[in-house]
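Please open the structure in your viewer and keep the selection tool at hand.

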Amino acid sequence: MPPSRYLSSTEACSELGIRPQTLYSYVSRGLVRSEGGDQRRRTRQYHREDIERLRHQKELRAHPETAAGKALRAGDPVLESALSRIDDDDLFYRGISVGELAREGTAEEVAALLWTGDRSRPIGGFAGGIRLEGVGPRVSAELAPLSAIERMQALLPVIGAADPAAYATAPPRIHRSGARILRLMTLIAAGLPRTGSGIARTLQTAWLPGRPETTRLLEAALILCADHELNVSTFTCRTVASSGASLYAVVTAGLSALQGPRHGGSTGRLEALWDEAEANGPGDTIASRLTRGDHVEGFGHVVYRGVDPRAKILFELLKEAGPETGALETAAALIEEVGKRTGLSHNLDLALVALRRALGLERGAALLLFCLGRTIGWIAHAIEQYQTGRLIRPRAKYTGPDPKKGN
């Protein structure tokens, strides 16, 4: 016989390890639904589903490592991963600080680290430079009106169709496909047909010719964007990979999620805020936004209590490079105003836009750096998901009419 859909007050409190007063508080806050029970005793009964959900959330907070394996079955998008760790407002890739990697590593080394676990292990497909393959002049002309990221989405299936290992999920073939995808996307971002350099140097050659000293900053930005747990685009990629789709399809899906204004696309809205701050002053701009109830782009983050460590590192590198520009002054003024008025700290988006403006890059470059860097992480998560052989299938919490009660 299946268990009852309801629990008594005593049973509910026992399941959650709480006192009745706390249970009543949960009901008043809408966290637990209750209905009339024994009319003679004027008791209430509580939905078992709500109590079990709260118990699971409590277990997840107390023991995230043990809860992760069953979290998806309970409806929370949490998966086991050995790739990145957010700990005490710091970020690590496979146990290595992103600060160390951003200052000393290359995007290709970070790809090797995230894809194989060994940053010194060369990935087949990066050696010998980058070349755009399989795309004729007619196709290129038809794609010209699209943005760089939209061109990436259009061309990934074309390149994938020509890759005999497109559906290979085991090393080293999947590594070569991953490198091929990054080659394609780098050339589209750079607007070049071919190059003999790595990702950051290719971007520097195209975007900042004659300024090789800026390569380190571009390299750092790519590395800091590479992975960040299960953000929306990465979770999208893992879900698509779990279906058995090709790596090309996985990255195409990630690009769709990345462009949303609540994810990577927020850099475009931040550019508009920055323009307004330069025209009207940071104080009036932030005050006006807050008065209207607008969200202030570039500030606050769901997983960090203070400053986003990636932003902190990128700003440190920018100050050390010493570009002669007012971008850092504007950034500092925005940070001061927002902190004073809201208590929010700045995040990676602000640092990427500051980098874009400090180096004099074209608009959209901040999102392209985010895109290329994050693709390294998407591919790493796809590899990790392929290895599990599992389909990601969360459950939905039904909130519609109760079919047992009729209409």
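Begin by selecting Tyr-93, Leu-114, Trp-115, Met-152, Leu-203, Trp-207 and Leu-255: of the 100 residues in the largest nonpolar core, these touch the most other members. A nonpolar core is a set of buried Ala, Val, Leu, Ile, Met, Phe, Trp, Tyr and Cys residues joined through side-chain atoms within 4.5 Å. Buried means under 20% relative accessible area, exposed over 50%, and partly exposed in between, with a 1.4 Å probe and protein chains only. Helix α19, residues 365–388, gives the most to this core, with 15 residues. Another core lies apart from it and has 11 residues, including Cys-13, Ile-18, Tyr-26 and Leu-54.

The model is a predicted one, in which local features need pLDDT of at least 70 and side-chain atom pairs count only at pLDDT 80 or more, while totals for chains, interfaces and linings use all residues. Residues are numbered from 1 along each chain as its sequence is written, and side-chain values use heavy atoms, with hydrogens and water left out.

**The surroundings of Met-152**

Select Met-152 next. Which residues does Met-152 touch, not counting residues up to four places away in sequence? They are Met-185, Ile-188, Ala-189, Leu-255, Leu-368, Cys-371 and Leu-372. Contact here means heavy atoms within 4.5 Å.

**Helix α13**

Helices (H or I, at least four residues) and strands (E, at least two) are DSSP runs, numbered from the N terminus. Why is α13 described as largely enclosed by the rest of the structure? The reason is that 10 of its 12 residues are buried.

Return to Tyr-93, which stands opposite Ile-96 in β6. Strand β5, residues 91–93, is joined to β6 by 2 bridges, and the two run antiparallel. They belong to an open sheet of 3 strands in the order β4-β5-β6, with antiparallel pairing. Two strands pair if DSSP finds at least two bridges between them. The edge strands are β4 (84–86) and β6 (96–97), each pairing on one side only.

**The loop between α15 and α16**

Now select Glu-297, in the loop between α15 (282–292) and α16 (309–321). Is Glu-297 buried or exposed? Its relative accessibility is 5%, so Glu-297 counts as buried. The side chains of Glu-297 and Arg-269 are joined by a polar contact of 3.1 Å. A polar contact is a pair of N or O atoms within 3.5 Å; within protein, one must be able to donate a hydrogen and the other to accept it, and residues adjacent in sequence count only if both atoms are side-chain atoms.

Gly-298 is found in the loop between α15 and α16 as well, and is buried at 2% relative accessibility. Leaving aside neighbours within four places in sequence, Gly-298 is in contact with Leu-270, Ser-345, His-346, Asn-347, Asp-349 and Leu-350.

**The whole chain**

Of its 407 residues, 47% count as buried.
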